[in-house]
Amino acid sequence: MFGRRKKTLVATGAKAPHFQLAALAGSAQSLQDILAAGPALLAFFKISCPVCQLTVPYLERMAASKGLQVIGISQDDAAATLGFAKRFELTFPTLLDPSAEEYPASNAYGISSVPSLFVIEPDGTVSRSFAGFSKRDFEELGARAGVSPFGPDDHVPEWKAG
């Protein structure tokens, strides 16, 4: 890459960058709105990403537990994201990080690959930050949410790059 720096994910212990994005459901939602309901797992994704497709069913299991808010942040448009949500039967809230605005939230969080995930505490501190898929990270997130993200019949890889 000529003259471009590699982005660095917002680190554990840092304050999470503020954002306000349109929700797939229609209204706008800010990070402050989300954190008012408790800690949240922000999951940035693209619908064409195979590792994101691997990840979303496990995120859905965590979201269903109600132990940790799961918020999807799509880098695709509303129509494509809605189709993806229906295909994977997603029930967790999904926000849109629009390409027309040069992905404001993704850029603020230093994302260079997806999926990228962040656990944000109610005070706005990032307590977990990682990109790609790691079975161990998902097991730890599941423990935090109070649920096992993996079923007995799931064939789960140890790791997949984003």
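Reader: Where is Ser116 found?
Author: Ser116 is in strand β6, which covers residues 116-120. Keep in mind that this is a predicted model.

Reader: Is Ser116 buried or exposed?
Author: Ser116 has a relative accessible area of 0%. The cut-off for buried is under 20%, so Ser116 counts as buried.

Reader: And which residues does Ser116 touch?
Author: Not counting residues up to four places away in sequence, Ser116 touches Leu9, Leu42, Ala43, Phe44, Ile111, Phe130 and Ala131. The side chain of Ser116 also reaches the backbone oxygen of Ser113, at 2.6 Å.

Reader: Zooming out, how many helices and strands are there in the protein?
Author: There are 5 helices and 9 strands. Along the sequence the pattern reads β-β-α-β-α-β-α-β-α-β-β-β-α-β.

Reader: How compact is the protein?
Author: As compact as a globular protein of its length, because its radius of gyration is 15 Å and the globule rule gives 15 Å for 162 residues. The C-alpha atoms fill a box of roughly 45 × 35 × 35 Å along the principal axes, and 44% of the 162 residues count as buried.

Reader: What about the largest nonpolar core, how many residues does it have?
Author: That core has 48 residues, and Phe19, Leu42, Leu59 and Tyr109 have the most contacts inside it. Helix α2, residues 50-65, gives the most to this core, with 7 residues. In soluble globular proteins, nonpolar side chains tend to be buried together.

Reader: What is Tyr109 in contact with?
Author: Leaving aside neighbours within four places in sequence, the contacts of Tyr109 include Phe19, Leu42, Phe44, Phe118 and Ile120.

Reader: Back to α2. Which of its residues are buried?
Author: Val51, Cys52, Thr55, Val56, Tyr58, Leu59, Glu60, Met62 and Ala63.

Reader: Where is the kink in α2?
Author: At Val56, shortly before the proline Pro57, and the kink is about 30°. After α2 comes Lys66, with a positive phi near 65°.

Reader: Last one: where is Phe88 found?
Author: Phe88 is in the loop between α3 (78-87) and β5 (94-96). Apart from neighbours within four places in sequence, Phe88 is in contact with Gln53, Val56 and Pro57.

How values were computed
Residues are numbered from 1 along each chain as its sequence is written. This is a predicted model: local features need pLDDT of at least 70, side-chain atom pairs count only at pLDDT 80 or more; totals for chains, interfaces and linings use all residues. Side-chain values use heavy atoms; hydrogens and water are left out. Helices (H or I, at least four residues) and strands (E, at least two) are DSSP runs, numbered from the N terminus. Contact means heavy atoms within 4.5 Å. A nonpolar core is a set of buried Ala, Val, Leu, Ile, Met, Phe, Trp, Tyr and Cys residues joined through side-chain atoms within 4.5 Å. Buried means under 20% relative accessible area, exposed over 50%, partly exposed in between (1.4 Å probe, protein chains only). A polar contact is a pair of N or O atoms within 3.5 Å; within protein, one must be able to donate a hydrogen and the other to accept it, and residues adjacent in sequence count only if both atoms are side-chain atoms. The bend at a residue is the angle between axes fitted to the seven residues ending there and the seven starting there. The radius of gyration is taken over C-alpha atoms; the globule rule is 2.2 Å times the number of residues to the power 0.38.
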